[in-house]
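Subject: Structure for you to look at

Hi there,

Here is the structure I promised to pass on. Have a look at it first, and then read my notes below.

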Amino acid sequence: MTNENKDQFRPADHENDHFLLTTVVGSYPKPKWLNRAKDRFEDEDSDFDEDNWQEAKDDAARLITAEHERAGLDVVVDGEMRRNEMVEFFADRIEGYEFNGPVKVWGHNYFDKPSVVSEVEYDDSWLVDEYEFTADATDRPVKVPITGPYTLANWSFNEAYEDDDELTLELADLVNEEIEKLVDAGARYIQIDEPALATTPDDHAIVGEALEHIVADIPEEVRIGLHVCYGDYSRIYPEILEFPVDEFDLELANGDYEQLDVFKDPEFSKDLALGVTDAHVAEVESVEQIEENILKGLEVVPPEQLVVSPDCGVKLLPRDVAYGKMANMVQAARNVEEDLDAGDIDVERGAPTPADD
Amino acid sequence: MTEYVSTTPGLYPLPDWAKDDLSDLKGHQKHDLISGDEGEEITAAYEEAREEVIGVQTEAGLDRIVEGQLRWDDMLAHPLAVADAVETRGIVRYYDNNNFYREPVVTDDLEPTGDVAAELEAATQLTGGEDLQAVLPGPYSLFDLATDEQYGDDADFLAAIADFLAGEVEAFPAVETLFLLEPSLVESAPADGLDERASEAIDRVASATDAEVVVQPYWGALEEKVYAHLLDADIDAVGFDFVANQDDNVYNLQEYGATDDVALGLADGQNTLVEDPEAIRDRVEWVEGQLGVTDFETVYLTTNTETFYLPYAKYVEKLEVLAEAADLAEVTAA
C-alpha cells in the first residue's frame, strides 16, 4: 500500500522502507531575545524601529526552522515566530475586524478578542512572505498552519453577520484565497487549525461546509490537514471523515489515549497525525515512551497512513523541553520504522468494518 | 404602573489596568487564582477596581448597583472555590464558552464562608448601601458546576448547596435585590424529579433574605416543566434571555404566566455590538405586547449574561445603554 500524498514528503535519503512522517503542529517557544526585541519595538522611547523588528523576526524564524531540522523533523515550520496569537494575527490582516481590548479566557489569561464590525475582506496576503522566507531557509518541506474560519469566527465578536455560520463561510472563502496564493508560492502542506470545534462539537457540519470552501480549486496533491484539540471526539467522529482533508491532526497523548477507541470504528479512512508527546507537560518523554505512543496510532491506521506529531503547539513549554520532545519523537519514529521493516511489530488494528470500496 | 429598573447580573470584566496589575501580583497559573485569603497588595488592587466599577454604574445611572464580582476568577463557581470543604482541581470549560474555571470538588461538609458578604460590606461602604444588588450562582447551577465527593447523592448534594448558599445570604448586609444566576437550568436542564428539587433549592436560598429575589436563567429558554416548577418557588422575578431565544421565552410567559416582576435580558452580554437604548425600549414594549393584559410591577432591564466576556470599554457602554433604556421605558409608560 502506498500513500502518494504523504510520500511526496519522504526525504530522498530516508533510510527505512517504512515512512512515518514526523512534523509539528506549528507554534514553538519564542527565544527570549525575541520577546525583548518586541518590548523594545513597542517602547516609544526606544530607537528600535520597524526594520530592526523585522530583522529580529527573520532571525528567529531562521533559528527555529534550523532547530526543527536539527531535531530531524521531515516537515518543518518556523515555529510561528511572526505570529502573536492564533486569532489576533489573522484578524489583524483581514479587513472588517477591529480590536477593543483584552478579554478573559481563564484566571489572568486574556486575549485581544477582535470584533467583526463590517464585511470581511481579503486585503494583502497573510502568510506568503512567511512561507517564502521559511522555504528559503531550509531544504525540507515546510508546513503552513492557518487558523480555520470556524475558529476565526467563533473566537471573535460577530457584530456584522446574521449568524456565525455566515461569517464562517465568508472567512472560509478568504482562507481559500490565501491557500491559492500559498500554493502558487510553492506550499504543498497546509494545516487548518480549528480548536474551537472542541468547544462546540455539534457544529461539525458547518466546519465541514467551510472546508469545502477552503479546498475549492486547490490541486489534489496539496496536502490539507485539520488540527483539532482538547475535546470530546466521540461527538465529531465519524462525521469528520466526510471532510475534504487528507489528514487529521489530533491531540491524544494528553488524555493518555483514553479516546483512541473512538477512531477505531468505523475505520479511519484518512491519514492520522497522532499526538505522541504532551504539549502541556514540561517533561521530555523518553524515546521508549514515545515509541509506545506511536504504536497506539497503529491500532487505528496502518503505517502508510500514520503521521507523528506533538499533541498541539508547544509554545508554552521551555524551549529546551520543546526541543527534547521533538528530537525524541523523531528518534522514536525512526525506531518504530526499523521495527516495522524488520517485521517485529504486531499491533492489532481495531474493530474494522468493511470499507465502501 | 410598571417600574423599570436598569441592572446587570454582575461578574464584570476587570478594568485593563487591574488585569495587568493582578496578573503581575497573582500569576497566570491554576494555583495563582483566588483562594479567599489573598494578601494586602492584591486586596488593595481589587478595592481600587471595585471602586471603579461602582463608579461606572453610578455614572451610567443604573438603578441597581452590584459589587462587580471582580474577584470571581472561577466565575459562578467562586463561592465554592473559596470554601474550606472544597478542593479546586483541573481547569474545566465554563459552559460552551472559551472560558475555564477550576473544578470545585466538595470533599467535606459545606459551611458558609462569608466571602461574598465581605465583598458586599465593602460595596456598602462605597455606595452608602443605596440600591445595592447581591449576585450569587443559583443553587442548581452551582450544583451543576461542582463535583460531589461528600454527599453521594444528587438530592442531598443539591440540598447541601442550597443550605450553603442560604448561609452565605444570611450573612449579607441589607441589599435591595438578590440576583441568582441559573444558566444551568437551561444548559443542563434538570430531569424529572430534579427539576422540582431545583425549585425547592432556589426557594431555600430565596427565603434567606428579605430582598427582592430575581432568578436569571440564560443561554436560551427554560424547558416548560422546569419553568413551571420554578414558578412554585417563592421568588419575585424570573429572568428571560431574549437575546438567545425569543419564541420559547414568550411561549413560556404566555402559557404559564409569570411572577409579578420580570427581568428581561435584552442587551447582549457577549457581543461588542452596543444596542441602541431605543431598540431596547422597543423590545420591552414588544415583550409586553406579546403578553397582552399582563402588567408587571417591576421590569428589570439587564444584559442576558454576565459581562466579563466583553472588553472593558464595551462593558461600560452596555451599562450606559441599559440605564438610558430604563429611563426611556419609564417615560413611554407614563
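**The sheet in chain B**

Strand E9 (residues 237-241) and strand E10 (residues 261-267) of chain B run parallel and are joined by 5 bridges. Helices (H or I, at least four residues) and strands (E, at least two) are DSSP runs, numbered from the N terminus. Two strands pair if DSSP finds at least two bridges between them. One bridge links B:Asp241 to B:Gly265 in E10(B).

Before you go further, note that this is a predicted model, where local features need pLDDT of at least 70, side-chain atom pairs count only at pLDDT 80 or more, and totals for chains, interfaces and linings use all residues. Residues are numbered from 1 along each chain as its sequence is written, while chains are lettered from A and ligands numbered from 1 in the order in which they are written.

These two strands belong to an open sheet of 8 strands in chain B, with parallel pairing and the order E1-E11-E10-E9-E8-E7-E5-E2. At its edges are strand E1 (3-6) and strand E2 (65-66) of chain B, each pairing on one side only.

**A helix on the sheet**

Helix H4 (residues 115-127) of chain B packs on this sheet, touching E2 and strand E5 (132-137) of chain B. The direction of H4(B) makes about 160 degrees with that of E5(B) (axes are lines fitted to C-alpha atoms, for helices over the stretch in contact, and angles run from 0 to 180 degrees between N-to-C directions).

Which residues of H4(B) are buried? They are B:Val116, B:Glu119, B:Leu120 and B:Ala123. Buried means that 20 or more other C-beta atoms, placed from the backbone, lie within 10 Å of the residue's own; with 12 or fewer it is exposed, and in between partly exposed. Seen down the axis of H4(B), the buried residues fall within an arc of 95 degrees (taken from the directions from the helix axis to the C-beta atoms), so they line one face of the helix. Just after H4(B), B:Gly128 has a positive phi of about 75 degrees.

**The two chains overall**

Chain B has 12 helices and 11 strands, and chain A has 10 helices and 12 strands. Of the 334 residues of chain B, 53% count as buried; of the 357 residues of chain A, 47% do. The C-alpha trace of chain B spans about 50 × 45 × 35 Å along its principal axes, and that of chain A about 65 × 45 × 40 Å.

Enjoy exploring!

Definitions and conventions
Contact = placed C-beta atoms within 7 Å.
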